[in-house]
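Visitor: I am new to reading protein models. Please take me through one, feature by feature.

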Amino acid sequence: MYARCGELARARKVFDEISDRDLVSWNSMISGYSKMGYASEAVGLFWKMREEGFVPDEMTLVSLLGACGDLGYLSLGMWMEGFVMKHKMELNSFIGSALIGMYGKCGDLVSARRVFDGMHGKDVVTWNAMVTGSYAKMMEIDPIRYAQNGMSDEAIKLFHGMKGAGVNPDKITLVGVLSACASIGALDLGKWIDTYASQRGLQHNIFVSTALVDMYAKCGSLDDAHRVFENMPVKNEVSWNAMISALAFHGRPQEALSLFEHMSTEGRDACPNDVTFVGVLSACVHAGLVDEGWRYFDLMNSSYGLTPKIEHYSCMVDLLARAGQLYEAWDFIAKMPEKPDEIILGALLGACQKCKNLDVGERVMQLLLQMEPSNSGNYVISSKIYANSRRWDDSAKMRVLMRQRGVNKTPGCSWIEIEAELHEFLAGDDLLYHSIEIHQVFELLNVEMKREGYIPKVDQ
């Protein structure tokens, strides 16, 4: 009872006072630790249980596999799969889904798929474990496993397979697949899910609605994102953050800032958090509002007690750099409480190229080439900075250094969706083998871009 109510200290006190513990007692305590996020304690208690001669059952393994996934303990998870096989335990929905979730969280998608393919009579829990990597609590939906590993298209194929098998997607499925749609711009499937959610009465579920807002925004359909957001009967911090970020990244910064003010005064249960301020500062970046950016940055701590993180410092550096205040940006980096990451330095290096500032550019180059020696973009931009200053020898040296270190330029990648099927393209691809319909799409895009006056920046 104590464990289920989150009173783990009291639960452990009662557990320690039990003189003759049985397997149910051990399982209750291990499960409590695992579900409440105390994964290390769950694993430690499991080993103590083994030392006292108890043999784990299905409940023990399900709880412990969740803890292994949270900790990234792949070897222990593999040991538990071996235990299941050795003792000829049934690979049912609970154990199978726990194994899939563990392997997914540990990044071993091959093993996750192997377990999934070996299961018979898969239910919605099993499919969700594979598609989203999470089957446990709705309040703790994990990021989609395939999306985390750059395989959102595979998650979408699994979703279609789930429908083909006659298994009805639930709210957990929808959130996971919407995340995949958002990451690769699968708007048509996202719209299908929107319709499906309405038909199933899930459109007002706060997690589904928030995922729809995020998907529509990232797929470029801001009006639909705003429609879903406005129709939500209840909004939490994630919902507000999704809409604020959507407006910011779609070039509507004033609306984003206005929505933040509305959240601050009328958000009821939703209070701005560190993610909110990433969206707010991003809005300032897009609008070039340097003074406003400083105000919101200071507001984090003074009004909300939030300590700025690396993402907020990154926004401020980007804001200053885009405004041409490169020396101010460099001084700001020097005063940061932690070392700058490659995102912060990359933003400043790009601004140095645009402003033709070799002085700050060289300082940033040295740090970036040490931090990311395999990132082709750093060499290319550095070479262009030297070329802009007519230092041709140094520009050539950057290209030579890149080749000497075996660094290859990463090709650009994009997707288009035709009749619910996604097609991936890399820069330099031979398109001869692709269908006539795809060529027609490319021609249409080319005509539309020319009509809008777009001129390719081949020197960038």
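Visitor: Which residues does Ser 239 touch, not counting residues up to four places away in sequence?

Guide: First, the source. This is a predicted model, where local features need pLDDT of at least 70, side-chain atom pairs count only at pLDDT 80 or more, and totals for chains, interfaces and linings use all residues. Residues are numbered from 1 along each chain as its sequence is written, and side-chain values use heavy atoms, with hydrogens and water left out. Now the idea: contact means heavy atoms within 4.5 Å. Beyond its neighbours up to four places away in sequence, Ser 239 touches Ile 206, Thr 210, Phe 229 and Met 232. Take Ile 206: it is 33 residues from Ser 239 in sequence, yet their C-alpha atoms are 7.8 Å apart in space.

Visitor: Where is Ser 239 placed, and is it buried or exposed?

Guide: Helices (H or I, at least four residues) and strands (E, at least two) are DSSP runs, numbered from the N terminus. Ser 239 sits in helix α15, residues 237-249. Buried means under 20% relative accessible area, exposed over 50%, and partly exposed in between, with a 1.4 Å probe and protein chains only. Ser 239 has 1% relative accessibility, so it counts as buried.

Visitor: How does Ser 25 count, buried or exposed?

Guide: Ser 25 counts as buried because its relative accessibility is 17%. Its place is in helix α2, residues 23-35. Leaving aside neighbours within four places in sequence, Ser 25 is in contact with Phe 15 and Ile 18.

Visitor: What is the relative accessibility of Val 131?

Guide: It is 0%, so Val 131 counts as buried. Val 131 belongs to helix α8, residues 124-132. Its C-alpha atom is 6.4 Å from that of Leu 158, which is 27 residues away along the chain.

Visitor: At what angle do α10 and α11 pack?

Guide: Axes are lines fitted to C-alpha atoms, for helices over the stretch in contact, and angles run from 0 to 180 degrees between N-to-C directions. Helix α10 (residues 152-164) packs against helix α11 (residues 171-184) at about 140°, with the axes 9 Å apart. So α10 is oblique to α11. Angles under 35 degrees count as roughly parallel, over 145 as roughly antiparallel, 65 to 115 as roughly perpendicular, and the rest as oblique.

Visitor: Which residues make that contact?

Guide: Among them are Ile 156 and Phe 159 of α10, with Val 177 and Ile 184 of α11. The contact residues divide into eight nonpolar, three polar and one charged. Here Ala, Val, Leu, Ile, Met, Phe, Trp, Tyr, Cys and Pro count as nonpolar, Asp, Glu, Lys and Arg as charged, and the others, Gly among them, as polar.

Visitor: How do the axes of α21 and α22 cross?

Guide: Helix α21 (residues 342-355) and helix α22 (residues 358-371) cross at roughly 145°, and their axes come within 9 Å. The contact includes Leu 345 and Leu 349 of α21, plus Val 364 and Leu 368 of α22. By class, this contact has 10 nonpolar, two polar and one charged residues.

Visitor: What lies in the loop between α21 and α22?

Guide: Lys 356 lies there. Its phi is positive, about 55°, although Lys 356 is not a glycine. At 57% relative accessibility, Lys 356 counts as exposed.

Visitor: And where is Lys 88 placed?

Guide: Lys 88 is in the loop between α5 (74-86) and α6 (93-105). Its phi is near 50°, a positive value in a residue other than glycine. Lys 88 counts as exposed, at 74% relative accessibility.
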